[in-house]
Amino acid sequence: MEAFTTHTGVGVPLRRSNVDTDQIIPAVYLKRVTRSGFEDGLFAAWRGDEHFVLNQEPFKAGSVLVAGPDFGTGSSREHAVWALMDYGFRVVVSSRFADIFRGNSGKQGLVAAQCSQSDVELLWKLLESEPGTPVTVDLTDKTVRAKDLVAPFEIDDYTRWRLLEGLDDIALTLRHEAEISAFEGDRQTWLPTTDPLQAV
Amino acid sequence: MSRTLAEKVWEAHVVRHGSGAEPDLLYIDLHLLHEVTSPQAFDGLRLANRKLRRPDLTIATEDHNVPTVDIDKPIADPVSRLQVETLRRNCAEFGVRLHPMGDLEQGIVHVVGPQLGLTQPGMTVVCGDSHTSTHGAFGALAFGIGTSEVEHVMATQTLPLRPFKTMAINVDGALQPGVTAKDIILAVIAKIGTGGGQGYVLEYRGRAIENLSMEARMTVCNMSIEAGARAGMIAPDETTFDYIKGRPHAPSGADWDAAVAYWKTLRTDDDATFDAEVHIDADELTPFVTWGTNPGQGLPLGASIPDPEQIADENERVAAEKALSYMGLEPGTPLRDIRVDTVFLGSCTNGRIEDLRAAADVLKGKHVASGVRMLVVPGSMRVRKQAEEEGLDKVFLDAGAEWRQAGCSMCLGMNPDQLAPGERSASTSNRNFEGRQGKGGRTHLVSPLVAAATAVRGTLSAPADLEN
């Protein structure tokens with residue numbers, strides 16, 4: 001995973017709450033078996049509308065999405081994170097994220113920055129009145145900055161550390177392989193396995 | 001120290017406790033795979049030259065992409081076909097048991113696991129699918145994960161996780177006739193909202209929950225994620241043990257006794273406290289349907305479409321306006337006046353044998369309204385077989401419904417079963433998001449009983465409406 005310390009890019013105001021993962025990427029776009037190319041499915045239904053924010057200059061080139069509360073609800077599809085990142089987003093700002101989406105973001109290096117709703121409203125106003133305003137997201141001091149606005153955001157310390165260091169979760173866990181093996185040795189023998197049953 | 005059910009199961013699976021901000025490392029007892037969220041995870045293993053640690057705790061089935069007709073022919077959509085073929089190749093390469101299309105054990109992953117007896121109380125169960133919460137009905141800690149986590153479980157059989165908070169959903173009293181588990185969970189979501197359960201494991205408790213069958217409990221836990229909770233649980237009891245006993249992967253003999261003795265300890269201690277509690281009175285519940293584009297936008301069937309202008313919260317008002325515009329509905333319209341084009345009975349929420357029986361009971365001797373199509377899609381091939389043994393297929397076919405093969409079908413627009421733009425459905429599935437059942441499709445979430453009655457009348461209806 002690529003390390004993330006700070007990012008500056010065009011902020012995109014998305015004035016919607018409950019942006020579920022079926023809106024971020026509809027199921028029909030989930031069929032790829034590779035890890036790239038999901039940008040075509042990003043907000044596919046909404047992008048058919050010429051007034052949709054990502055169809056407007058300068059928002060087309062956006063990399064910091066500022067959305068309403070309950071962003072990323074619904075399906076566990078990590079494709080939602082891939083679609084955002086493949087399009088070019090590095091950060092999503094919202095006052096509330098769905099748990100699975102937030103977890104998936106942390107694994108991929110997309111920063112899910114949780115700001116207060118009042119700061120989200122201020123960002124929306126700023127980005128709408130001055131389109132193209134650069135937004136800086138600084139993971140070291142946990143702030144979103146745009147012009148004079150400085151909005152603190154929350155992110156859990158462990159995810160922040162992993163993002164700052166660009167660390168791979170699996171490699172971190174495998175440092176504890178001996179403990180995993182010990183745990184396995186103590187499991188109840190009656191727990192099921194998926195081994196095919198012998199015909200009796 | 002007194003603990004909740006969720007805390008007991010969590011604690012029993014901690015491989016190592018994290019220090020400071022570091023999460024706990026949790027052991028995973030069962031990993032379910034399907035074709036959509038696994039290919040990139042298998043690829044990740046290959047790229048890093050890692051092995052699948054426990055193929056014997058892993059099982060796969062094909063469900064999201066599969067057609068529900070002509071399953072003996074190749075899948076027509078080449079991209080869907082490639083995804084299914086990729087799963088087959090990956091399972092062969094990594095030694096994972098797979099139930100492919102046409103196999104008697106094939107079906108929706110959350111129907112297949114419990115039916116094989118692989119889901120048992122006190123286990124940790126994960127799958128790259130948010131409706132993994134279904135398995136919590138057995139007193140398992142079961143939750144959906146993303147593809148990075150799928151790869152993590154493949155490589156390590158563990159997940160780094162921070163403990164969830166706990167929320168009790170107390171459903172006291174008794175359900176009235178015609179009111180089902182689906183109505184309970186839709187009412188819960190309408191009450192706490194789509195974000196209300198965020199960060200929590202829900203534990204459903206109370207007399208109305210204890211009186212539910214195992215399959216009805218699965219319906220309740222299935223939709224925990226629609227309230228924002230990754231997991232929902234119900235303490236195991238005799239109903240649970242009776243359901244598991246004799247299933248292919250259930251313990252037997254002395255193992256059965258040892259397992260049951262342990263399972264009986266899996267209940268929230270009397271003096272344990274939850275981080276939050278919610279109360280619902282089952283006596284008050286009536287059939288519930290959704291009118292909007294998230295599962296929290298639901299009301300009793302007897303109500304009318306709400307007026308967004310009466311909603312105080314600005315975000316909710318805007319959401320309601322957008323929902324009504326998408327749904328093509330006017331404030332003040334009685335829900336019973338809403339005409340549907342399609343009725344879908346199926347999904348991991350309501351695609352089990354009891355769901356089919358309940359709907360067939362309503363449809364028996366009646367006919368689907370003219371201009372309405374009804375799809376009946378069993379959750380698994382085994383459910384289909386059992387339904388045919390009971391003659392339910394004939395009831396559906398005689399009523400003019402379509403009797404399909406097993407799969408996720410019209411729950412999500414990923415296979416040939418989709419709504420056309422503007423088409424309206426009454427659906428026993430779990431999500432009414434914009435475009436969920438096909439681009440431009442409009443979804444009302446309902447119980448199997450309401451689905452069947454709606455099919456007969458052509459407008460959103462309860463079985464009681466058929467008697468008038």
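Which residues in α4(A) are buried? I shall open with that question, and I note at once that the model before you is predicted.

In α4(A), the buried residues are A:D99, A:I100, A:F101, A:R102, A:G103, A:N104, A:S105, A:G106 and A:K107. Helix α4 of chain A runs over residues 99-108, and because nine of its ten residues are buried, it is largely enclosed by the rest of the structure. After α4(A) comes A:G109, which has a positive phi, near 95°.

Let me turn to chain B. Chain B is divided into domain 1, residues 5-276, and domain 2, residues 290-463. Their C-alpha centres are 24 Å apart. To the contact between them, domain 1 of chain B brings 37 residues and domain 2 of chain B brings 36. On the domain 1 side, the helices α4 (109-115), α6 (181-192) and α8 (214-222) of chain B each supply at least two residues. The greatest contribution to that side is made by α6(B), with five residues. Sorted by class, the side of domain 1 of chain B that touches domain 2 of chain B holds 13 nonpolar, 17 polar and seven charged residues.

I come now to the nonpolar core. The largest one has 194 residues, and those with the most contacts inside it are A:L65, A:V66, A:L84, A:V92, A:V93, B:A359 and B:V450. Here α6(B) provides the largest share, eight residues. Since domain 1 and domain 2 of chain B both give residues to this core, it lies between them. As an example from chain A, consider A:V93: beyond its neighbours within four places in sequence, its contacts include A:L65, A:V66, A:C115 and A:F153.

An unreviewed UniProt entry lists B:C348, B:C408 and B:C411 under "binding site". They are spread over 64 residues of sequence, yet they cluster in space, the largest C-alpha distance being 8.7 Å.

Where does B:C348 lie? Its place is in helix α12 of chain B, residues 347-350. B:C348 counts as buried because it has 28 C-beta neighbours inside 10 Å. Apart from residues up to four places away in sequence, B:C348 touches B:I108, B:H110, B:V111, B:H131, B:T134, B:N222 and B:G379.

B:C408, by contrast, is in the loop between β17 (402-403) and β18 (424-427) of chain B. With 31 C-beta neighbours inside 10 Å, B:C408 is likewise counted as buried. Under the same exclusion of sequence neighbours, B:C408 touches B:D63, B:H64, B:I108, B:S347 and B:N415.

Methods. Residues are numbered from 1 along each chain as its sequence is written. Chains are lettered from A and ligands numbered from 1 in the order in which they are written. This is a predicted model: local features need pLDDT of at least 70, side-chain atom pairs count only at pLDDT 80 or more; totals for chains, interfaces and linings use all residues. A residue is buried if 20 or more other C-beta atoms lie within 10 Å of its own, exposed if 12 or fewer, and partly exposed in between; C-beta atoms are placed from the backbone. Helices (H or I, at least four residues) and strands (E, at least two) are DSSP runs, numbered from the N terminus. Domain bounds come from an automatic or database domain assignment. Two residues are in contact if their C-beta atoms, placed from the backbone, lie within 7 Å. Ala, Val, Leu, Ile, Met, Phe, Trp, Tyr, Cys and Pro count as nonpolar, Asp, Glu, Lys and Arg as charged, and the others, Gly among them, as polar. A nonpolar core is a set of buried Ala, Val, Leu, Ile, Met, Phe, Trp, Tyr and Cys residues joined through C-beta atoms within 7 Å. UniProt positions are given in the numbering used here, feature names are shortened, and annotations may be inferred rather than shown by experiment.
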